[in-house]
Amino acid sequence: MSGAYVHGYQPRESERLHDQAGTLVKLLHSDTSYVPGSVVLEAGCGTGAQTITLARNSPGARITSVDISADSLEEAKARADAAGLTNVQFRQADIFALPFNPGSFDHVFVCFVLEHLSRPSEALLRLKDLLKPGGTITVIEGDHGSAYFHPDNAAARQAIACLVELQRMSGGNAMIGRQLHPLLFHAGFDAVYVWPRIVYVDSSRPDLVDGFTRKTFTAMVEGVRDRAIDAGLLDAETFDKGIRALYQTAEPDGVFCYTFFKALGEKARADPLR
Ligand SMILES: C[S@@+](CC[C@H](N)C(=O)[O-])C[C@H]1O[C@@H](n2cnc3c(N)ncnc32)[C@H](O)[C@@H]1O
């Protein structure tokens, strides 16, 4: 990861990732499960927000979840223990220097990580090396350019743009979701397929209004308020107006839409790039 991780490692961010994971389990994970005996690597597990679902959906798989942050791993381990999971082990490691032999895994799972890396293509190549021939990679990423809402509001769009810019300044790309197909294709994966997963929220879906519009998306933008203002990206008044407008989209007349992208690729049995 280059620069600072844009969302930080504060407890509130961990809570946000878990709210997001809980809200989106069905949309993002209902079609991810690994057959018993599979050996799976979760790269960039953070505080374990996706790990719990991954391990529950595939009780017979052996999952190794790695992250660069020791504190996040400690929290992830506590959550996995509290959930009674016995098929996951955690390890501190950098995606660019993973301590595993080539061909160690049947599957790799990456969620909301490539967007924070300055070299996502290189990360994919490294992860591909760790797959057995015929193994698969699943990548899930968001794309902040896909957010649109009612009532529309220029200040809200400016506040979102601050987050995109801060992430860019940290070396990441908050709009990477739309690039998953070319990224996986150019990393040499076969049979690459991308499914857009649209979150559509209106007042008839109160769980999503609270879990996604308020506690996931708006909380994420709100979380960079001080850094955006300090960096001179927007004045405080406009930023706060934008946040109020985002909360307004969670009111009874509001609507919020966002698209996640879920990609699957396979490592060729004879890999042309190895
Ligand atoms: C947005 S969090 C996502 C965590 C988890 N996958 C989830 O969906 O909740 C991104 C995670 O990637 C980790 N990360 C960033 N760069 C990394 C690297 N080079 N190696 C390993 N982990 C990294 C961060 O520490 C952070 O926990």
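**Packing around helices α5 and α9**

Helix α5 (residues 154–169) packs on helix α9 (residues 236–248) at an angle of about 110°, and their axes lie 7 Å apart. Axes here are lines fitted to C-alpha atoms, for helices over the stretch in contact, with angles from 0 to 180 degrees between N-to-C directions. Helices (H or I, at least four residues) and strands (E, at least two) are DSSP runs, numbered from the N terminus. α5 and α9 are therefore roughly perpendicular to each other (65 to 115 degrees; under 35 is roughly parallel, over 145 roughly antiparallel and the rest oblique).

From α5, the contact (heavy atoms within 4.5 Å) is made by Ala155, Ala156, Gln158, Ala159, Ile160 and Cys162, and from α9 by Thr238, Phe239, Lys241, Gly242, Ala245 and Leu246. The residues of this contact of α5 with α9 divide into eight nonpolar, three polar and one charged. In this count Ala, Val, Leu, Ile, Met, Phe, Trp, Tyr, Cys and Pro are nonpolar, Asp, Glu, Lys and Arg are charged, and the others, Gly among them, are polar.

The model is predicted: local features need pLDDT of at least 70, side-chain atom pairs count only at pLDDT 80 or more, and totals for chains, interfaces and linings use all residues. Residues are numbered from 1 along each chain as its sequence is written, and side-chain values use heavy atoms, with hydrogens and water left out.

α9 itself has 13 residues and reaches 18 Å from its first C-alpha to its last, close to the 18 Å expected at 1.5 Å a residue (1.5 Å times one less than the number of residues). Its buried residues are Thr238, Phe239, Gly242, Ile243, Ala245 and Leu246. Because they cover an arc of only 160° around the axis, they sit on the same side of α9; the arc is that of the directions from the helix axis to the C-beta atoms. On the other side of α9, Glu237 and Arg244 are exposed. Buried means under 20% relative accessible area, exposed over 50% and partly exposed in between (1.4 Å probe, protein chains only). The buried residues of α9 pack against β6 (148–150), α5, α7 (206–222), α8 (225–230) and β8 (255–267).

α5 also packs on α7: their axes come within 9 Å and cross at roughly 70°, which makes α5 roughly perpendicular to α7. Ala159, Ile160 and Leu163 in α5 meet Phe217, Met220 and Val221 in α7. The residues of this contact divide into six nonpolar, no polar and no charged.

Gly8 lies in the segment before α1 (11–29). At 18% relative accessibility, Gly8 counts as buried. Gly8 and Gly223 are 215 residues apart in sequence and 8.9 Å apart in space, C-alpha to C-alpha.
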